[in-house]
There are 4 protein chains.
Amino acid sequence: MIVVMKPGASKQQIEHVAERVRQMKLTPHLIVGTERTVVAIVGDERPVSREMLESIPGVEKALPVLAPYKMASIETRHEPTQIPLGVDFALGGRRIGLIAGPCSVESRAQLLEVAHAVKEAGAVALRGGAFKPRTNPYSFQGLADEGLEYLAEAREATGLAVVTEVMSQEQVVLVGRYADVLQVGARNMQNYDLLRAVGRQPKPVLLKRGLAAAVDEWLLAAEYILAQGNPNVILCERGVRTFEQHTRFTLSLSVVPHLKEVTHLPVIVDPSHGTGRRELVESMSLAAVACGADGLLIEVHPDPESALLDGAQSVTPEAFARLVHKCRRVAQAVDREL
Amino acid sequence: MIVVMKPGASKQQIEHVAERVRQMKLTPHLIVGTERTVVAIVGDERPVSREMLESIPGVEKALPVLAPYKMASIETRHEPTQIPLGVDFALGGRRIGLIAGPCSVESRAQLLEVAHAVKEAGAVALRGGAFKPRTNPYSFQGLADEGLEYLAEAREATGLAVVTEVMSQEQVVLVGRYADVLQVGARNMQNYDLLRAVGRQPKPVLLKRGLAAAVDEWLLAAEYILAQGNPNVILCERGVRTFEQHTRFTLSLSVVPHLKEVTHLPVIVDPSHGTGRRELVESMSLAAVACGADGLLIEVHPDPESALLDGAQSVTPEAFARLVHKCRRVAQAVDREL
Amino acid sequence: MIVVMKPGASKQQIEHVAERVRQMKLTPHLIVGTERTVVAIVGDERPVSREMLESIPGVEKALPVLAPYKMASIETRHEPTQIPLGVDFALGGRRIGLIAGPCSVESRAQLLEVAHAVKEAGAVALRGGAFKPRTNPYSFQGLADEGLEYLAEAREATGLAVVTEVMSQEQVVLVGRYADVLQVGARNMQNYDLLRAVGRQPKPVLLKRGLAAAVDEWLLAAEYILAQGNPNVILCERGVRTFEQHTRFTLSLSVVPHLKEVTHLPVIVDPSHGTGRRELVESMSLAAVACGADGLLIEVHPDPESALLDGAQSVTPEAFARLVHKCRRVAQAVDREL
Amino acid sequence: MIVVMKPGASKQQIEHVAERVRQMKLTPHLIVGTERTVVAIVGDERPVSREMLESIPGVEKALPVLAPYKMASIETRHEPTQIPLGVDFALGGRRIGLIAGPCSVESRAQLLEVAHAVKEAGAVALRGGAFKPRTNPYSFQGLADEGLEYLAEAREATGLAVVTEVMSQEQVVLVGRYADVLQVGARNMQNYDLLRAVGRQPKPVLLKRGLAAAVDEWLLAAEYILAQGNPNVILCERGVRTFEQHTRFTLSLSVVPHLKEVTHLPVIVDPSHGTGRRELVESMSLAAVACGADGLLIEVHPDPESALLDGAQSVTPEAFARLVHKCRRVAQAVDREL
């Protein structure tokens, strides 16, 4: 941490900062500049509160030097984390993983139809929500337990791993009984009780980025899970909120190569939520594969027009098969497999 | 809802849209323009899914005409909702309510000291977190039950109402036993299980705006609570995430007069979180009062430098007393009291 | 500037950074931490390119310590700059200045009517565009020279100072002949040729904030003008672009007290463009006055419905008079005059 | 345009809206709903001001049905516009065009070295700024005329087309004498005098997206140029301003497929400015090619550390050659050439 003092900071104020640093068992290092004095803190700054430093009289600002997360950092673990998903596949390796399925589980027939279709097209996992977080209280909220049963049946029938959302701490045990991967949604990215709960169970966790979460906040959310003992966290970029109007969210693809530099966790992209528009899903899938994503999360519905939710961003099984075919070519072009 | 068809949309496609509208027991109304055909939907469009309409072939976009919330709307209830807070005071009336206290309850002594100070300065309620949502898993997480006990004791000692955060569904009963108002934090604004849980209990709910929540999404979150039978929801603007760097968040004060136009619920402002900088709290408090806020939520700490969290945005009891004095003058200038 | 080296940076890389710093006649100061080495630069860092430092191998990031502007800084000039506007009035002092008028000059009659009305209500200056920057090429582009003549006539008739926009370098001489204050619009905030041109002439400049300009970028734009010898720059907050939908732009009022801390230049607020909605103009004017603005820039039109542009955000002369009356009361409550 | 009336709008108010529509030689179409009355306007709504409609008493909001641009629209011209660039190459066709070179022309030697290197690697055009828009008035501002001479010399030596920025109306003739393509920078995207000036000369124009420009505003800026008679406009996505901190701007790649749906103009991507970080340029180039970009604009510098500006985002000629090689493979995978 670098503490920048205000222009007229007194000797006492500077010494007081140094004293506080020493109380934290760290070493202050004074640099008297022409216009400002700066106190550099030597030692592990992570437990030091930037806000505390900034509330000391005479301090202008405190600039962190280190990233605030530790277990999620590539400096802690240099090898990419590979996460087993279903049979014969690990996410985070050379092969790109496709996770596909309907936004919500609507019926047994719908789910099985999609499951067989995406399996045939090349998916390794089936997504589908049994519990749905809905902005509007009057909207369809999911089939709940019944949906979980259908997901388990679809896994039996196809061999696909099952990825489904868990919306609260209490659902963790129930959902964990059915799912292979527990998804934490964007709106729950900072639901810390939920993060701790999925961190204490053994299944991998797919952690969606919050709508307005900075990358460091996202990795700190992952750190909550890792710190409870679960090493298997999949990061999923799903678009952030900006002023853009041509899409529902702005898919921020540069996080993919950025994350590859700072963390060992696998990174996937959800172009369905990330754009909110079916016509853009294929292009954004190709872009995600080209820039290094380890997987894609795509909404597929046999009859998007009749989908109970998110129809506008779901592709048909036929469109999905074409998308997979094209992604495979791009994957090869960047020395990956799919 | 207005459904805009694509330029070359076929007669069949247009008829298909009309058919779908009729299936929903609504009336389609065709307008054939020079470049586009438009299908206007007559009837209550709220249960109609915009996404569903946008996934019908030939449809370019669907434009909602009505706001998606109903119980929160001023069209449903024309009188402002007034919410009793402690003794002799109702939030949402002519008198502006000050809710003040430390970010987190740190000790019995700290809390009582602040409680007496803010009471004397003119506050009607005491805020203080017993459970704290923290971005960083290695940070202080709150005193939990012990903190709740201290809050109750401070109420006894001062007569202030107690406002404290509830972070998950399971905490609702416990927190409800101690608090007069249950706060739902920004990061939980779309934690729907929590919203439903606070909607099923009798205490008023202070609902903070999410970091990237559109106003309609915020009112839909309030609708979740209202729909469970709890009519007492206080909306709290606490800053949104934008590109600005001079503050932690951007306090979007224009929501105050906007909300007064669209909802009957009281609106308060949190300039402490909304700026993240103690030096700006007083000015933003004055601005909030001037533009019609029904109350303020302010962090006060006897020794901000030693605060376990959010020291940089806490004001001292002395600074708070000055702030109240100034706000009182502005309140009178806009024909309110404080 | 603080240069943070990457974890494994070699001795040679660190020495190379130090060498580059010495070449710039500054002093490097090495701090060897537990996880990172940091090179602090002692001396005036302003001419040092952060980007250059960040492109040296082994460097992780460079953190500036000083603000990048100098003449605009309160450290350079401690007294507030007061800018004479018309007769007997200086912007930036105790008295708050009202600048009001139509978005664009539409006709002689319209302008004179508004001028008399706003004068009577208490305005010190008349705004009105002769040249209009329009997003849409098919929209009305202003009366040009004819509009300038009408503005001059209105000044004669009322004694109001004239504020009007200059859109390009070539217009500076012409507009300077008629106007008392030259306005640089938000879309031109980084039109550097224009900034230099208005910096080389003697009339005060009203510099609107760019739609997505950080505060430092805005102050650097002011610095362009100051550096050419013109000391009279008025900063005008007019809303920034964010995800918000209830207003056209987001009025970021916390910049008012923030600017008061970092610059000596006067700060005014434009609630008309800043919200885009007439119903919100009064509330946001009151808020601006309450938080310390030195003036307001408000669109007034006798018949907003017939305004050639920006009718939705213009208030009538009657509404303006009411607004002034209310602002005056709030001004007194914060020990200002109006 | 769809005009939504307020809940209690009177018959007179509704009739008044209809009357205004008729005055504009358009046809009003009333739809009386259960909660609102809606007036649909039949005819070409483009000249109709949404703001004017929204300032009529009783009107809640006006929703445009048509895109505001016309000549830029794919409905006006169904074939993609192909723009000849140098010898044997047209941008907007099957072959992807690489435009590369230093941020600014620093010296004859530097420019020639880069020109030969990028030519060899496969570029079709050379970029390089002779005039530089700089946020900071104390920064290097470009070599001006001398820089243009070097660019012309580099064209002679290599056969590359020359792309360079024009910053103001007065520079258009001068720059047009040397350049093959005139670039309008992001900060000038709404400098309407400049847009008109480049629209009246014959060379193609590369129009960068403004930092906070909505897609419609960007296309309206293109329309300004097209409306003056110049049909050759290249759209260049270069990142927008959001809350993201891991990059300088947020590259919004979904605009590429979106623009392909709405306009016939070619679209290129600038991953150098779009990320501000050299390490991310290759990945984002691959993504841009994968999602359908017609070209890339990339900063290349032989010695980024010594670059007078933007060193942190420039790649070396060797890195550029590797990038081209990889992009070529991805281009083939999406049935394009490079």
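Reply: Let us begin with pairing: two strands pair if DSSP finds at least two bridges between them. Helices (H or I, at least four residues) and strands (E, at least two) are themselves DSSP runs, numbered from the N terminus. In this structure, C:Ile99 of β7(C) stands opposite C:Ala125 in β8(C). This is a predicted model, in which local features need pLDDT of at least 70 and side-chain atom pairs count only at pLDDT 80 or more, while totals for chains, interfaces and linings use all residues. Residues are numbered from 1 along each chain as its sequence is written, chains are lettered from A and ligands numbered from 1 in the order in which they are written, and side-chain values use heavy atoms, with hydrogens and water left out.

Me: Which strands pair with β7(C), and over how many bridges?

Reply: Strand β7 of chain C covers residues 97-101. Its pairing with strand β14 (residues 295-299) of chain C is parallel and has 5 bridges. There, C:Ile99 faces C:Leu297. Strand β8 (residues 125-127) of chain C also runs parallel to β7(C), joined to it by 2 bridges.

Me: What kind of unit do β7(C), helix α3 and β8(C) make?

Reply: The hand of a crossover is judged with the strands pointing away from the viewer: the crossover is right-handed if the path from the first strand over the helix to the second runs clockwise. In chain C, β7(C), helix α3 (residues 108-121) and β8(C) form a right-handed β-α-β unit.

Me: How should I read the two faces of a strand, and which residues of β7(C) lie on each side?

Reply: In a regular strand the side chains alternate between the two faces of the sheet. Burial is then judged by relative accessible area: buried means under 20%, exposed over 50%, and partly exposed in between (1.4 Å probe, protein chains only). In β7(C), 5 of the 5 residues are buried. One side carries C:Gly97, C:Ile99 and C:Gly101, the other C:Leu98 and C:Ala100, so that both faces are covered.

Me: Why does C:Val163 count as buried, and what does it touch?

Reply: C:Val163 belongs to strand β9 (residues 161-165) of chain C. It counts as buried because its relative accessible area is 1%. Contact means heavy atoms within 4.5 Å. Not counting residues up to four places away in sequence, the residues that C:Val163 touches include C:Ile99, C:Ala125, C:Leu126 and C:Leu206.

Me: Is A:Gln171 buried or exposed?

Reply: A:Gln171 is in helix α5 (residues 171-178) of chain A. Its relative accessibility is 10%, and therefore it counts as buried. With neighbours within four places in sequence left aside, its contacts are A:Phe131, A:Val166, A:Gly176 and, in another chain, B:Asp193.

Me: How much area do chain D and chain C bury, and how many salt bridges are counted between them?

Reply: Buried area is the accessible area (1.4 Å probe) that two parts lose on being put together, summed over both. For chain D and chain C it is about 4000 Å², with 44% from carbon and sulfur atoms. On the side of chain D, D:Glu51, D:Thr135 and D:Glu305 lose the most area to chain C, together 17% of what that side buries. The contact involves 48 residues of chain D and 47 residues of chain C. A salt bridge is a side-chain nitrogen of Lys or Arg within 4 Å of a carboxyl oxygen of Asp or Glu. Between these chains the count is 2. D:Arg241 and C:Glu217 form a salt bridge, with the closest N and O atoms 2.6 Å apart.

Me: What are the corresponding values for chain D and chain B?

Reply: Chain D and chain B bury about 2100 Å², 61% of it on carbon and sulfur atoms. Each of these chains gives 29 residues to the contact. The count of salt bridges is 2. B:Glu75 and D:Arg36 meet in a salt bridge at 2.8 Å, N to O.
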